[in-house]
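Have it open while you read.

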Amino acid sequence: MTFFQNPEFGDRIITLMAALVLVLQIAAVGQRWLVSSIRIFAVQSFLLATIAGVIAYFNHASHIYVVAFLTLFLKAVLLPWLLEGLVERIGIRREIEPLINAPLSILIAGCLTLVGYVVAESFYHPEETSVRAALGHNTLGVAIALFLIGFFTMLNRRKALSQVMGLLSLENGLFLAAISLTYGMPLIVELGIFFDVLVAVMVLGILAFRIREAFDSMDVSKLRKLRE
Amino acid sequence: MNTFPVGTLFALSLTAYLGGAFACLASWQKPTLCRYICCGSALAGAVFGGLAAVLGILQGTPLLWSFSSGIPLFTYSFEYDALAGFFNLTLAILAGAVSLYSFSYLREFEGKRNIGFFGFLFLLLLLSLIVVFTAANAFLFLMGWEVMALVAYGLVTFYHEDRETRRAGLLYIVMAHIDAGCLLLGFALLMQVSGSADFASFRTAAAQLSSGQQATAFVFFFLGFGIKAGIIPFHIWLPAAHPVAPSNISALLSGIVLKAGIYGMARIFLGGLGVLPSWAGLLVLIVGVASAVLGVLYALMEHDIKRLLAYHSIENIGIILIGLGATLVFRAAGHPQLAAVALIAAIFHTLNHAIFKCLLFLGAGSVLHSTGTRNMEEMGGLIRPMPVTAFCFLIGAVAISGLPPLNGFVSEWLTYQSLLAGYGATGGLTRILFPLAGSMLALTGALAAACFVKAFAITFLALPRGAESRQVHEAPRSMLVGMGWLTVACLALGLGATWFLPVFDTLTEQLLGQRVGTNLISGHGLVLSAGMPHGGTVSTAVIGFGLVILLIPSVLLVSNGARRFAWKRGPTWDCGLPGLSEENEYTATAFSKPLRMIFSALYQPRREIQAVFDVSPYFPKEIRFESEIEPTFEKRLYIPLRDLLLRFAIRMRPIQAGSIHAYLAYIFVTLILLLLFGVRP
């Protein structure tokens with residue numbers, strides 16, 4: 001067995017990548033500039049695509065290559081490009097004030113990471129440890145943390161567009177969980193999810209545009225007015 | 001397994017419906033072409049589906065096709081056994097008739113409405129019904145079920161300009177989702193026990209169900225399928241939704257979509273739930289009796305011809321449930337032979353009701369097509385301009401009233417026989433229920449006959465009442481062919497019942513392990529017997545022959561008399577009040593008055609008379625009469641329920657802050673709590 005076929009090595013790479021993804025996510029929480037959070041998302045997606053590629057290589061699962069390629073194309077290239085165009089058109093480059101200030105947000109993100117690991121721990125059964133299970137164990141915590149932090153970002157932001165960023169990193173968390181636990185769902189399900197995300201971004205983009213037109217602002221708190 | 005004839009025909013029929021649906025949608029800009037595609041592919045699908053059903057019933061061994069979908073628990077599994085075959089046969093007979101009928105019926109849509117969209121929905125409805133009738137996987141079944149509900153909603157609200165139509169559609173879709181929810185819960189319970197969503201695994205796991213689980217699942221399924229079938233008290237959507245749809249669709253909705261509920265009950269109660277205790281069968285029986293009696297009583301008070309027919313669907317669903325309930329009771333009590341007879345009665349009545357109800361709705365559609373009104377009080381005298389429609393409607397009316405020698409009589413007679421046998425087959429107090437149910441069924445039959453005397457006579461006989469019915473014309477030929485085909489089916493299944501009944505052997509053998517077909521036939525294949533000691537016998541063929549014999553002298557007398565006497569036409573005696581017009585004819589309201597008085601406790605009739613006097617109080621110039629009956633179920637059950645729901649909703653309002661952040665926070669907190677809750681081992 002050569003070095004490049006050793007599953008242990010694959011596990012290390014995946015863990016490293018997952019850690020990087022998590023660090024980027026926490027960095028995104030403190031971010032105020034929209035463009036930089038879009039770029040962080042692009043890098044994150046690139047790392048996810050790499051993880052998928054590594055998993056495909058070590059498990060000889062050819063359909064995951066398709067997934068990896070799609071991730072690379074859609075999430076690391078197409079979506080960031082679309083979103084940056086949108087930012088350009090709307091002309092809003094930074095989030096004025098998140099609901100919770102940056103240091104506290106990062107602290108909360110840390111706590112959520114903890115929750116993620118606690119939850120992932122319950123899926124880990126040492127008695128049936130194989131390389132596969134161990135690998136899942138490491139990345140699942142990151143995935144759940146990613147999901148929760150993404151959700152928290154949505155809660156914390158006022159602008160519709162920065163909420164979209166939260167949704168996208170939430171979806172990245174789901175993707176990581178799915179790919180690390182099950183080594184890829186059936187291709188048709190993956191394709192469905194990709195399509196879903198694409199449509200969601202389109203719809204939210206249009207919505208953000210409309211909200212700005214109707215309220216002269218992208219602050220979703222103003223949507224409260226619709227109730228009256 | 002060699003699936004050559006049945007499987008291929010089944011696939012061809014699916015392809016015809018699916019391909020036709022999309023071809024319709026693609027060609028919506030060319031209405032005439034679209035009409036040809038719609039009716040042609042429906043007819044092709046019906047022919048293939050009918051052949052598949054006949055072969056599927058006759059070959060006796062269930063066929064199973066299963067394809068993996070890659071999604072856990074969900075497989076594309078189809079099972080073609082005798083039960084599926086019978087429902088597919090029913091579907092094919094109706095689909096053929098309706099597609100022929102629609103060929104002319106849709107012509108008036110040209111240039112006014114989108115035939116492409118109509119055809120798309122119509123063909124998808126047929127497709128989803130086939131899927132429901134053959135699915136062998138809970139998720140596939142629910143998928144077909146949901147498509148059926150949504151497509152039917154699109155068709156019910158096809159005349160969406162009317163406020164009444166939109167309200168009926170809303171009521172329908174709400175009820176349809178309550179029933180889908182009940183089914184989902186029922187299937188979830190079975191899946192939990194069996195670990196798979198395939199019907200076959202439910203059957204093998206049925207023995208592991210605890211009695212509590214079995215009872216809960218039964219209640220969910222009975223509610224779910226019962227709402228779809230329109231049992232009382234969940235029937236209120238049915239008389240609202242069926243009349244407002246285009247008439248060819250009303251025919252399908254009442255004819256076969258309701259039967260999806262019956263199919264589900266037969267499939268699950270006789271398969272997936274194991275042997276149900278006898279209380280379950282008694283519950284089905286009692287609900288059946290209530291639906292039959294109340295359905296026909298409400299039908300009697302209707303003057304809207306399509307609503308009247310819709311109420312009769314409730315009645316007939318009740319009769320089918322009486323048969324099905326008796327089957328369950330007999331099976332629980334260990335009388336498989338009796339159970340088989342009751343099951344034959346139920347399934348045969350399903351087929352019969354589908355045929356004559358479809359026929360009646362198509363007839364009502366022809367009347368509506370040429371008079372433009374659904375109100376019977378404005379019709380009258382239609383037998384002269386529309387003789388063929390009148391004849392077909394008459395045959396349907398005789399069949400639905402359960403009069404010999406037509407098909408409705410045979411299945412109702414079998415239901416009576418099994419109910420009478422039930423008295424000897426069960427013990428304790430429950431045995432009294434059987435003759436009681438039998439007498440209620442007799443009451444239902446008599447009332448149904450009264451109702452159809454009214455429906456036929458007020459619509460087709462006497463002189464035309466309103467301006468609408470004076471310039472009517474016979475329906476176009478394709479509509480007559482559609483109705484004629486069903487009329488022939490009514491006659492054939494009635495007169496030829498003894499030749500048809502042995503076909504049910506494969507059905508009863510697969511579901512109950514019994515073959516009783518030969519017991520039901522005696523007298524060289526001419527006499528129908530109840531298949532049990534001290535049971536009755538009857539022969540529709542002989543009755544039919546006797547009727548023809550009796551007809552000969554009266555025909556001779558009339559034709560002879562026509563030569564001997566001179567005919568004279570004159571006005572009716574007007575009691576000395578000159579100036580009576582056609583509007584003064586005996587009305588439907590007047591006809592049903594005695595029954596309104598007898599059953600006034602149920603109807604709570606309210607009437608109002610306003611008279612305007614000129615000089616003397618004995619000679620009113622003008623009288624306004626208004627009469628209505630109380631909609632008991634709406635008033636006593638649904639309106640309080642709705643108010644309760646609304647009050648609850650108002651209570652819940654403060655948490656609906658209208659702020660996206662608040663909603664996100666709710667979800668977030670719930671998620672974290674659930675995650676942490678799940679962690680605790």
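This is a predicted model: local features need pLDDT of at least 70, side-chain atom pairs count only at pLDDT 80 or more; totals for chains, interfaces and linings use all residues.

1. Housekeeping. Residues are numbered from 1 along each chain as its sequence is written, and chains are lettered from A and ligands numbered from 1 in the order in which they are written.

2. Chain A overall. It has seven helices and zero strands (DSSP runs, numbered from the N terminus: H or I of at least four residues for helices, E of at least two for strands). Of the 228 residues in chain A, 38% are buried; buried takes 20 or more other C-beta atoms within 10 Å of the residue's own, exposed 12 or fewer, and partly exposed is in between, with C-beta atoms placed from the backbone. Among chain A contacts between residues at least 6 apart in sequence, 75% join residues at least 24 apart; a contact means C-beta atoms, placed from the backbone, within 7 Å.

3. The cores. The largest nonpolar core holds 217 residues, and B:Leu123 and B:Leu125 touch the most other members. (A nonpolar core is a set of buried Ala, Val, Leu, Ile, Met, Phe, Trp, Tyr and Cys residues joined through C-beta atoms within 7 Å.) Helix 13 (residues 336-371) of chain B gives this core its largest share, 21 residues. Another core lies apart from it, with 40 residues that include A:Val21, A:Ala76, A:Ala109 and A:Ala143.

4. B:Phe122. This residue sits in helix 4 (residues 115-134) of chain B. Why does B:Phe122 count as buried? Because 32 other C-beta atoms lie within 10 Å. Leaving out residues up to four places away in sequence, B:Phe122 touches B:Cys38, B:Ala42 and B:Leu155. With the same exclusion of residues up to four places away, the contacts of B:Leu123 include B:Tyr17, B:Cys38 and B:Ala42.

5. Is helix 13 of chain B enclosed or open? With 30 of its 36 residues buried, helix 13 is largely enclosed by the rest of the structure. Its end C-alpha atoms are 51 Å apart, which agrees with the 52 Å that 36 residues should span (the expected span is 1.5 Å times one less than the number of residues). B:Gly372 follows helix 13 of chain B and has a positive phi, near 80°. Helix 21 (residues 540-564) of chain B also has a span close to expectation, 36 Å for 25 residues, but helix 21 is hardly covered, with a buried count of one.6. Helix 14 against helix 17 in chain B. The axes of helix 14 (residues 387-400) and helix 17 (residues 477-495) of chain B come within 10 Å and cross at roughly 35°; axes are lines fitted to C-alpha atoms, for helices over the stretch in contact, and angles run from 0 to 180 degrees between N-to-C directions. The residues that meet include B:Cys392 and B:Gly396 in helix 14 of chain B, and B:Met483 and B:Gly484 in helix 17 of chain B. By class, this contact has eight nonpolar, five polar and no charged residues (Ala, Val, Leu, Ile, Met, Phe, Trp, Tyr, Cys and Pro count as nonpolar, Asp, Glu, Lys and Arg as charged, and the others, Gly among them, as polar).

6. Across the chains. Helix 4 (residues 102-121) of chain A packs on helix 26 (residues 660-679) of chain B at about 35°, with the axes 8 Å apart. A:Val115, A:Val118 and A:Val119 meet B:Ile672, B:Leu675 and B:Val679 there.

Methods. Two residues are in contact if their C-beta atoms, placed from the backbone, lie within 7 Å.
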